[in-house]
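Dear colleague,

I am handing over the structure we spoke about, and I would be glad if you could look through it before reading my notes. The sequence and the model come first, and what was found in them follows.

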Amino acid sequence: MYKLLSSALLIYVFSVSTQHLNAQVDDNIMWAAVKIQKNFNSKTSVTLAPILRLDDDISHYQNSSIDLSVKHKFAKNWYGQVLSRVWFIPENKYRKFFFFDLGYSQKISQFKISSYFRTHYALTIKDRKDADFLRWGTTLSLLTYKKIQPFIFLEPFFRLNGENEFQRLRYALGLKLKPSKQLGITVALRPQTSLNTEPDVKVNHIILTLAYTIPDN
């Protein structure tokens, strides 16, 4: 039963992804990242993740950033995380964000549901005022295969700064691959659309992430 379900989900993921790539969107943007994680113990870890973005249908350098995060599991299935992101933008401009996460995950039979509530806070740098959001991201993964996990993801963005409305929606279809204990690969298509704003902007994020966990001595 689970084998049939996982095969059907795999086919669905790739068929829908192809449809989105061919659909009318404003741009296709690649997010390519390398994540390096160090576990200090069974509860606390730190992750460094440089990210490269290519826009104009993945033909032009858009910007890059570096994430530095600390994650701590404080109870069964629960964790907290603080993430700092610095964006490097052409013409000597840059952006700075802090993300504060409260997350939960649980396995249910052959499925895993993971969810986080994120406070998205942007610093004002050189008179550039980025928006602040409350975000709720949820992932449903299929665990039938040990080294291949299809997943779906949904994340609405609720705008603060006195506007108090939903202004962005992300959802994703993808695969997590686990070639070895220390190495992980994520490939996903993550469409993003604006809500309650003009003009209406729709982009596809093509996500490619290589994750490496430093082994314990």
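Strands β5 and β6 make a hairpin in which two residues lie between them, and Ser109 in the turn has a positive phi of about 60 degrees. Strands here are DSSP runs of E with at least two residues, helices are runs of H or I with at least four residues, and both are numbered from the N terminus. This is a predicted model, in which local features need pLDDT of at least 70 and side-chain atom pairs count only at pLDDT 80 or more, while totals for chains, interfaces and linings use all residues. Residues are numbered from 1 along each chain as its sequence is written, and side-chain values use heavy atoms, with hydrogens and water left out.

Two residues of β6 deserve a look, namely Phe111 and Lys112. Phe111 has a relative accessibility of 27% and counts as partly exposed, and Lys112, at 28%, counts as partly exposed too; the term covers the range between buried, under 20% relative accessible area, and exposed, over 50%, with a 1.4 Å probe and protein chains only. The C-alpha atom of Phe111 is separated by 5.5 Å from that of Leu143, although the two residues are 32 apart along the chain. For Lys112 and Leu143, which are 31 residues apart along the chain, the C-alpha separation is 7.0 Å. Leaving out residues up to four places away in sequence, Lys112 touches Ser105, Gln106, Lys107, Thr139, Leu140, Ser141 and Leu143, a contact being heavy atoms within 4.5 Å.

**The chain as a whole**

The secondary structure comes to one helix and eleven strands, and the helix stands at the N-terminal end of the order, which runs α-β-β-β-β-β-β-β-β-β-β-β. Of the 217 residues, 36% count as buried. Among contacts between residues at least 6 apart in sequence, 45% join residues that are at least 24 apart. The chain exposes about 13,000 Å², of which carbon and sulfur atoms supply 61%; the areas come from the Shrake-Rupley method with a 1.4 Å probe, and for residues only the protein chains shown count as cover.

**The core and its aromatic residues**

The largest nonpolar core has 18 residues, and those with the most contacts inside it are Trp31, Trp87, Phe97 and Phe153. Such a core is a set of buried Ala, Val, Leu, Ile, Met, Phe, Trp, Tyr and Cys residues joined through side-chain atoms within 4.5 Å. Two or more residues each come from β1 (27-39), β4 (78-89), β5 (93-108), β6 (111-122), β8 (148-159) and β11 (202-214), and β4 gives the most, with four residues.

How many aromatic pairs does a search of the whole structure find? There are seven, counting rings of Phe, Tyr and Trp (its six-membered ring) whose centres lie within 6.5 Å, with planes under 30 degrees apart called stacked, over 60 edge-to-face and the rest tilted. The rings of Trp78 and Tyr104 have centres 4.8 Å apart and planes at 55 degrees, so this pair is tilted. Trp78 lies in β4 and Tyr104 in β5, so the pair ties together parts that are 26 residues apart in sequence. Trp78 is partly exposed at 35% relative accessibility, and Tyr104 is partly exposed at 25%.

The rings of Trp87 and Phe97 have centres 6.0 Å apart and planes at 80 degrees, so this pair is edge-to-face. It links Trp87 in β4 with Phe97 in β5, ten residues apart. Both residues are buried, Trp87 with a relative accessible area of 8% and Phe97 with 4%. Together with Trp31 and Phe99, they form one aromatic cluster.

Leaving aside neighbours within four places in sequence, the contacts of Trp87 include Trp31, Arg53 and Phe97.

With kind regards

Note on methods:
Two strands pair if DSSP finds at least two bridges between them.
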